[in-house]
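Please examine the structure shown below before reading the questions.

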Amino acid sequence: MTILVTGATGKTGRHVLRELLAAGEEVRVLTRDPENAKVPSGAGVVRGDLSDPESLYPALDGVSSVFLFPVLDAIPAFAATAKRAGVEKVVLFTGAWAAGHTARDRSSWVYPRYRAAEAALAENGPERWTVLRPAPFATNALWWAPGARADGVVRLPHPDAVCPVVHEADLAGAAVAALRSDGHHGRWYTVTGPAPVSQAEQVAAIAEASGRPLRVARIDPEIWRSEAERFLRPGIVADLLNEWSQTEADPATALPVTSAVEDLTGRPARTFDRWAADHADDFR
C-alpha cells in the first residue's frame with residue numbers, strides 16, 4: 001500500500017520521503033504544484049491541497065498511511081476526509097508545547113491550537129494515529145545564517161536560553177518508524193535532542209563546524225520581536241521570547257529530555273554538534 005507524504009519539500013518532510021524510499025516503500029507526494037515539484041526519483045506526485053478537502057480524494061486513493069504536516073486549521077477536515085477515503089494510519093507532528101510540561105507551555109499561544117488539532121485527528125480521523133511533539137528544531141539556527149555570513153555576528157535576545165533542540169532527521173526517523181511499524185497507535189511522543197544546549201553554545205558549535213569565527217551580541221527582545229514578526233505569527237514570537245527569557249533565568253524550566261528518538265528508531269538522538277556539522281555550508 002502507498003504512503004502519502006505531505007510537506008515533502010520541508011525540513012522534515014524531505015527526510016521522511018528519502019527514508020521511506022530507501023526502505024522500499026511506495027510513496028506519493030502531495031503538492032499544489034505537481035509540475036514544479038522537485039522530489040527524488042521513485043516518488044509519485046499528486047495534486048492536492050490540505051486546505052481543500054475535496055481535492056484530497058484522488059490523492060488518497062489507495063493510500064494506507066499518511067505523514068501529516070501540521071497545517072493546523074486544515075487538520076480537522078483532513079482527518080475526516082482521510083477516514084472516509086479508507087486511510088488506515090496517520091502520523092502527525094505538532095510541537096512539544098502541546099505536552100504542557102510547564103505552566104508556561106500550557107498558557108502559550110500554540111498550546112490550545114496544537115491540542116485542538118491532535119484531538120481532531122484522534123476523534124475524527126483513522127483509527128490508528130500517532131502524534132509526535134518535537135522540541136524546537138535545531139534548524140531554527142538557520143535564522144542566524146545571514147548575519148553570520150555578513151559580519152560574523154549572531155544577534156540574540158536571550159543567548160543563554162536552553163533547550164534540547166531536535167535534529168530534523170531524528171524527527172523524520174521517528175515518523176518513519178511510526179509509519180512502518182505497529183505498537184505506536186494512539187500514542188503521543190515528545191521528541192527531543194539528547195541534551196539541553198544554550199543558544200550561545202549552538203553558535204559556538206556552528207563556528208567550530210563551519211570554520212567561520214562567530215560572536216554573539218545580545219539585543220533588546222523588542223528589536224528581535226519586530227524583525228521576527230515579519231515571518232512568524234505574533235503569538236509564536238511571544239511564546240518564543242517567553243520561553244527563552246524563562247529558561248535563560250532558570251535552565252531547570254526547560255523542556256525535559258526524552259528518549260523518544262531512541263525508543264522509536266533504536267538510535268540515539270543526534271547532538272547539536274552533529275547538526276552543526278551537517279549544516280556547516282549554510283553558514284559559510
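Predicted model: local features only at pLDDT ≥ 70, side-chain atom pairs only at ≥ 80, totals over all residues.

Residues are numbered from 1 along each chain as its sequence is written, and side-chain values use heavy atoms, with hydrogens and water left out.

Q: Which residues of helix α1 are buried?
A: Helices (H or I, at least four residues) and strands (E, at least two) are DSSP runs, numbered from the N terminus. Buried means under 20% relative accessible area, exposed over 50%, and partly exposed in between, with a 1.4 Å probe and protein chains only. In α1, which covers residues 13-22, the buried residues are Gly13, His15, Val16, Leu17 and Leu20.

Q: How many aromatic pairs does the structure hold?
A: Rings of Phe, Tyr and Trp (its six-membered ring) pair if their centres lie within 6.5 Å; planes under 30 degrees apart count as stacked, over 60 as edge-to-face and the rest as tilted. By this rule, the number of aromatic pairs in the structure is nine.

Q: What is the angle between the planes of phenylalanine 67 and phenylalanine 93?
A: These two rings form an aromatic pair with 5.9 Å centre to centre. Phenylalanine 67 lies in strand β4 and phenylalanine 93 in strand β5 (residues 89-93), 26 residues apart. The pair is stacked, and the angle between its planes is 25°.

Q: Is tryptophan 224 buried or exposed?
A: Tryptophan 224, in helix α9 (residues 221-228), pairs with tryptophan 143, in the loop between β6 (128-134) and α6 (145-151). Their ring centres are 6.3 Å apart and their planes are at 45°, so the pair is tilted. Tryptophan 143, at 32% relative accessibility, counts as partly exposed. Because its relative accessibility is 9%, tryptophan 224 counts as buried.

Q: Which backbone nitrogen does the side chain of threonine 31 reach?
A: Threonine 31 is found in strand β2, and its relative accessible area of 16% makes it buried. At a distance of 3.1 Å, its side chain reaches the backbone nitrogen of aspartate 33.

Terms used. Polar contact = N/O pair within 3.5 Å; in protein donor to acceptor, adjacent residues only side chain to side chain.
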